[in-house]
Amino acid sequence: MFPGKHEDRRFKTAHFEAICSLALTALYFLWWYGFAYHGTDSGPEGYHYFMGLPGWFFFSCVLGPFLFCFIAWAMVNLLFKEVSLAPKEEDDGRG
Amino acid sequence: MEGVNVSVVIPVALYLIGIYAMAVYCNRRLSSSDNFMEEYFIGSRGMGGFVLAMTLVATYTSASSFIGGPGVAYKMGLGWVLLAMIQVPTAWLTLGVLGKKFAIVARRIGAVTVNDLLRARYESPAVVIAGSVSLLAFFVAAMTAQFIGGARLFQGMTGLSYNTGLAIFAVTVVVYTTVGGFRAVALTDALQGVVMIVGTTALLFGIVSMGGGMEKVIATLRNIDPDLITPHGPDGFISKPFILSFWVLVCLGVVGLPHTAVRCMGYRDSRSMHGAMVIGTFVLAFVMLGMHLCGALGRAVVPGIDVGDTIMPILSLRVLPPVVAGIFLAGPLAGVMSTIDSQLILASATIVKDIYVNYVSPESVRSERGIKKVRIMSLAATAMIGTVVLLAAFRPPELIVWINIFAFGGMQAAFLWPLVLGLYWKRANGKGALASMVTGVITYISMASTMKSFMGMNVIIPTLLVGLVAFVLVSLLSKRPNDSVIDLFWME
């Protein structure tokens, strides 16, 4: 590496945001898996129903995805930073 | 041509006219642009949040989401909808992982294709050529599958013959893509995204009300086969290793699809990207849930359909009034078209930019005459690839869904690790990337053609593992990348 060069801070932001996105995916996986397979091995006899749908399906596939739309919105607003996409950090975006 | 369903044809025709009008508008923008390649292949990086979200979703939802997927859901019940919902994170994941870094580096080097980025990162002609060849090969396979799917749908719903349907449908896609370039692709994608949402809502509403409400529909399904409302599917077909391996194929691996990745360098600013992550997730979740649920619940309303690919057209014709069915037909057509168009423009970019301009005639972009030649070549390449695929689709092979999944996995085998490790691992170098692409693609093709699954999982799992190991080992054993590359990808 050349002396006097610093890591572009925008890339640090990008790395952090990539980790957030992966973490959110992991969280979604847990939600999806947990509701889909919790108590469903015994068959439909024991199912509860919500809005006409089997409970596991309602929570895992209907509520989950829309809840995560909201969480994605919160993540973007709270954790993501707006940065210029210009080639150099100090440019004002028109470069 | 007997049995043509006029009231279905009219809304579809209006929709196609709308698409042509957009292409003409984009062609005007193209003629007035001073950087042809930036405009034709990436729309001058001007996409806002809504268009970015829609183009990402529309590109990603293809014939299999609208025809194959719901068809399988019809047979497998709610368990297959569970599988479809694995795709929910793809919008935030692709944009978040490639994200701002991809966009900034692309601007630094003026990249308009994914291969441009690989060229700058790995400084290796072999990597770019391997990338171009696998991209073209898998795209042609994927586009053929899409054309066949679109034409079958057209045939099933309008009553026109397969060949007529294919011709109308394919000519539309090829013409608007050739004439309008990336901007036309993105704008028509946005329109197509909206049409998909409307179509999905209409069909789902139709099915549930025809079946006498959700509770009754589920009860009917349960009477047909109780397994239809479990996550395991009839006869336990959807086993855990099977469904979990789809987390790699249709969720994590999607980051490595070149035609979605290229969208991550074409947006205007950070705000557009943030907006697209939220809107894209919402639309994707809605369309995936809606379409697959239609397939699964449809079993209760119209039982006894046998051939997977015909289920959606039959279902919508039985359930919806003809004009509404016509609008609905436009939805899946839109999904299919918007996948082909983005693959078509990227395939053309690969031939012109990645191969011709990079290695055959680098001086062509510096002279007036050269630029004119590149312009003509770009249009010709788009039209030519489209025609080749169209001809292939006139003699359709069986089982389009599997061709599509095959091409999907092949692209991931070639591109996922070079893209992701290139962005996040400083030690990654050209030899490693090449090793990963070659071993990955070979492993994938040989495993996919000889065995159906690997220990109950999709073969993409061993493929990506082999590719990753090859990448890391070869990179560590060969020399580190040049400082100039590290500068470009990490430093200010």
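Predicted model: local features only at pLDDT ≥ 70, side-chain atom pairs only at ≥ 80, totals over all residues.

Residues are numbered from 1 along each chain as its sequence is written, chains are lettered from A and ligands numbered from 1 in the order in which they are written, and side-chain values use heavy atoms, with hydrogens and water left out.

**Stop 1: chain A**

Select chain A and colour by secondary structure. You'll find two helices and two strands, running α-β-β-α from the N terminus on. (Helices are DSSP runs of H or I with at least four residues, strands are runs of E with at least two, and both are numbered from the N terminus.) Of the 95 residues in chain A, 45% are buried; buried means under 20% relative accessible area, exposed over 50%, and partly exposed in between, using a 1.4 Å probe and protein chains only. Among contacts (heavy atoms within 4.5 Å) in chain A with a separation of 6 or more, 66% come from residues 24 or more positions apart.

**Stop 2: a ring pair, then another**

Now select Trp31(A) and Phe68(A). Trp31(A) belongs to helix α1 (residues 9–37) and Phe68(A) to helix α2 (residues 55–79), 37 residues apart. Trp31(A) is partly exposed at 21%, whereas Phe68(A) is buried at 2%.

For another edge-to-face pair, jump to Phe237(B) and Phe242(B): 5.7 Å centre to centre, 65 degrees between the planes. Phe237(B) is partly exposed, at 44% relative accessible area. Over all chains, there are 29 aromatic pairs.

**Stop 3: Thr40(A)**

Select Thr40(A), in the loop between α1 and β1 (49–50) of chain A. Buried or exposed? At 2% relative accessibility, Thr40(A) is buried.

**Stop 4: where the chains meet**

Show both chains: 60 residues of chain B are in contact with 55 of chain A. Together the chains bury about 5100 Å², 72% of it on carbon and sulfur atoms; that area is the accessible area (1.4 Å probe) lost on putting the two parts together, summed over both. There are four salt bridges between them, meaning a side-chain nitrogen of Lys or Arg within 4 Å of a carboxyl oxygen of Asp or Glu. Zoom in on Asp8(A) and Arg108(B), whose side chains form a salt bridge at 2.9 Å, N to O. On the chain B side, highlight α13(B), which gives the most, with 12 residues.

**Stop 5: Asn429(B)**

Finish at Asn429(B), in the loop between α17 and α18 (430–450) of chain B. Asn429(B) is buried, at 5% relative accessibility. Draw a distance from its side chain: a polar atom there lies 3.3 Å from the backbone nitrogen of Lys431(B). Beyond four places in sequence, the contacts of Asn429(B) include Tyr122(B), Phe471(B) and Pro481(B).

Terms used:
Phe/Tyr/Trp six-rings, centres within 6.5 Å; stacked < 30°, edge-to-face > 60°. Polar contact = N/O pair within 3.5 Å; in protein donor to acceptor, adjacent residues only side chain to side chain.
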